[in-house]
Amino acid sequence: MRVACRLASEALPDYASRFSRHDFTLPQLFACLVFREMLGLSYRRAEAVLADAPDWLAAVGLTRAPDRNTLCRTNAVLLKVANVGRLLDAMVSLAARVPELFPI
């Protein structure tokens with residue numbers, strides 16, 4: 001989760017809108033979505049697992065798990081073509097600087 005959060009912090013703004021509630025940053029939510037995808041969980045199950053894992057949340061600076069609706073809405077925002085391109089560019093840049101994070 002830390003690598004995903006670091007990657008997203010290089011490619012994404014902290015918030016999707018200046019009117020956001022500022023409960024979670026986009027990089028933090030991206031890390032939660034990567035976790036969800038890696039384990040093949042539903043949004044509801046990802047929320048429950050994250051709520052039961054405070055150490056994982058603390059690793060990306062969260063004090064509580066985002067709810068399933070927040071994860072679902074964030075997924076829609078992050079899947080826009082511009083965001084995906086920026087995330088891929090950041091991943092390549094991060095892999096070049098810190099190759100031990102991405103073993104071949």
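Predicted model: local features only at pLDDT ≥ 70, side-chain atom pairs only at ≥ 80, totals over all residues.
Colleague: How many disulfides does a search of the whole structure find?

Modeller: The search finds zero disulfides. Cys5 is in none, and the nearest cysteine sulfur to its own is that of Cys32, 8.6 Å away.

Colleague: Staying with Cys5, which residues of helix α1 are buried?

Modeller: Helix α1 covers residues 2-11, and its buried residues are Ala4, Cys5, Leu7, Ala8 and Ala11. Viewed down the axis of α1, these buried residues fall within an arc of 165°, so they line one face of the helix.

Colleague: How do α1 and α2 cross?

Modeller: Their axes come within 8 Å and cross at roughly 135°. That angle makes α1 oblique to α2. The crossing is right-handed. On the α1 side the contact is made by Ala4, Cys5, Leu7, Ala8 and Ser9, and on the α2 side by Pro27, Gln28, Phe30, Ala31 and Val34.

Colleague: Next pair, then. At what angle do α2 and α3 pack?

Modeller: Helix α2, residues 26-39, packs with α3 at an angle of about 110°, and the axes are 10 Å apart. The two helices are therefore roughly perpendicular to each other, since angles of 65 to 115 degrees are counted that way. This crossing is right-handed.

Colleague: Which residues meet there?

Modeller: From α2 there are Cys32, Leu33, Phe35 and Arg36, which meet Tyr43, Ala46, Val49 and Leu50 in α3.

Colleague: What about α3 and α5?

Modeller: Helix α3 spans residues 43-51 and helix α5 spans residues 68-78; they pack at an angle of about 120°, with axes 8 Å apart. They are therefore oblique to each other, and their crossing is right-handed. The contact involves Tyr43, Arg44, Ala46 and Glu47 of α3 together with Arg68, Leu71, Cys72 and Asn75 of α5.

Colleague: While we are on α5, is Thr74 buried or exposed?

Modeller: Thr74, which lies in helix α5, counts as buried at 7% relative accessibility. Leaving aside neighbours within four places in sequence, Thr74 is in contact with Leu26, Leu29 and Leu33.

Colleague: A change of topic: where is Pro13 found?

Modeller: Pro13 is found in the loop between α1 and α2. With a relative accessible area of 41%, Pro13 is partly exposed.

Colleague: What does Pro13 touch, not counting residues up to four places away in sequence?

Modeller: On that basis, Pro13 touches Leu26, Pro27 and Arg86.

Colleague: And what separates the C-alpha atoms of Pro13 and Pro27?

Modeller: Those C-alpha atoms are separated by 7.9 Å, although the two prolines are 14 residues apart along the chain.

Definitions and conventions
Residues numbered from 1 in each chain as written. Heavy atoms only, no water. Disulfide = S-S within 2.5 Å. Buried < 20%, exposed > 50% of the residue type's maximum accessible area, 1.4 Å probe, protein only. Helix = DSSP H or I, 4+ residues; strand = E, 2+ residues; numbered from the N terminus. Arc of directions from axis to C-beta. Axes fitted to C-alpha atoms, helices over the stretch in contact; angles between N-to-C directions. Parallel < 35°, antiparallel > 145°, perpendicular 65-115°, else oblique. Left-handed = near helix turned anticlockwise from the far one by under 90°. Contact = heavy atoms within 4.5 Å.
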